[in-house]
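Reader: Could you walk me through the model I am about to open, with the cut-offs spelled out as you go?

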Amino acid sequence: MTAESDFIHVFEPGSGDSTLLLLHGTGGDENDLLALGRDLSPDANLLSPRGKVSENGMPRFFRRLAPGLLDIPDLRQRTDELARFVAETADARGFDPAKTTAVGLSNGANIAVSLLLMHPGLIGGACLLRPMFPYPSPPDLDLAGTRVLVASGGRDPMVDAADPERLAAALRAAGAEVELRLDPMSGHGLTQGDLELARAWMQEKP
């Protein structure tokens, strides 16, 4: 069984040559972010997998030991699976992974961060909505040419207050072009401001 067939997923072809990799949060599925993806990039291909881990019946992309405490070995293993899925699906569907932007929410944002750290260059960028900084980046990490948006909430109980700055600093140190937006009044849930920010960032030309 290939990684592509191993993930329940939706692929919606677009009229352009870019692709969005949609990565849902805990309890979501392959359909959750399709409307958001189409809003952010009307012409893009949409690739939306369902996380393969179940937490009390809620899909996730990797295990956690408790809220805010991630199972890092499982995250790394699941990141490799996701990378194979993206590469195999790109080959099967005929899109360029380098022109792919991950759009991750919460749990999905965390595995998108891990994808950048473990498989630099596989995708061209990431829109990270309420991410954590799961583990230190490797010293030789090269993310030159990678665009990243980090959208965080100042009242987010799920994310350490230092994580947004630490994550942005680590990605910038590796050469990524990072935009960090911290809404001091927001929690873990998305706001209309987040959606407007993501839409504007997505429409910017690299």
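Reader: Before the details, what should I know about the model and its numbering?

Author: This is a predicted model, in which local features need pLDDT of at least 70 and side-chain atom pairs count only at pLDDT 80 or more, while totals for chains, interfaces and linings use all residues. Residues are numbered from 1 along each chain as its sequence is written, and side-chain values use heavy atoms, with hydrogens and water left out.

Reader: How many aromatic pairs does the rule give?

Author: The count comes to two aromatic pairs, where rings of Phe, Tyr and Trp (its six-membered ring) pair if their centres lie within 6.5 Å, and planes under 30 degrees apart count as stacked, over 60 as edge-to-face and the rest as tilted. For Phe7 and Phe85 the ring centres are 4.8 Å apart and the planes are at 40°, so this pair is tilted. The pair links distant parts of the chain, with Phe7 in the loop between α1 (3-6) and β1 (9-12) and Phe85 in helix α3 (residues 72-93), 78 residues apart; here helices (H or I, at least four residues) and strands (E, at least two) are DSSP runs, numbered from the N terminus.

Reader: And Phe11 with Phe95, which class is that?

Author: The ring centres of Phe11 and Phe95 are 5.8 Å apart and their planes are at 10°, so that pair is stacked. Because Phe11 lies in strand β1 and Phe95 in the loop between α3 and β8, the pair ties together parts that are 84 residues apart in sequence.

Reader: Which charged side chain lies over the face of Phe7?

Author: Lys52 lies over the face of Phe7, at 4.6 Å from the ring centre, the rule being that NZ of Lys or CZ of Arg is within 6 Å of the ring centre and within 35 degrees of the ring normal. The charged end of Arg60 sits over the ring of Phe62, 5.2 Å from its centre.

Reader: Back to α3, what span do its ends give?

Author: The 22 residues of α3 should span 32 Å at 1.5 Å a residue, and the end C-alpha atoms are 31 Å apart, which agrees; the expected span is 1.5 Å times one less than the number of residues. At the start of α3, a side-chain oxygen of Asp71 reaches to within 3.2 Å of the backbone nitrogen of Asp74. A polar contact is a pair of N or O atoms within 3.5 Å; within protein, one must be able to donate a hydrogen and the other to accept it, and residues adjacent in sequence count only if both atoms are side-chain atoms. After α3 comes Gly94, whose phi is positive, near 80°.

Reader: Changing topic, which residues of α5 are buried?

Author: In α5 (residues 163-173), the buried residues are Asp163, Pro164, Leu167, Ala168, Ala170 and Leu171. They cover an arc of only 165° around the axis, which puts them on the same side of α5, the arc being that of the directions from the helix axis to the C-beta atoms. On the other side of α5, Glu165 and Ala173 are exposed. What covers the buried residues includes α4 (107-118), β9, β10 and β11, where contact means heavy atoms within 4.5 Å.

Reader: What does Asp163 touch?

Author: Leaving aside neighbours within four places in sequence, Asp163 is in contact with Met132 and Phe133, and a polar atom of the Asp163 side chain lies 3.0 Å from the backbone nitrogen of Phe133. Asp163 counts as buried at 5% relative accessibility.

Reader: And where is Pro131?

Author: Pro131 is found in the loop between β9 and β10, and counts as buried at 1% relative accessibility. Not counting residues up to four places away in sequence, Pro131 touches several residues, including Val150, Val159 and Leu167.

Reader: Last one, which residues of α6 are buried?

Author: Asp194, Leu197, Ala198, Trp201 and Met202 are the buried residues of α6. Seen down the axis of α6, they fall within an arc of 130°, so they line one face of the helix.

Methods
Buried < 20%, exposed > 50% of the residue type's maximum accessible area, 1.4 Å probe, protein only.
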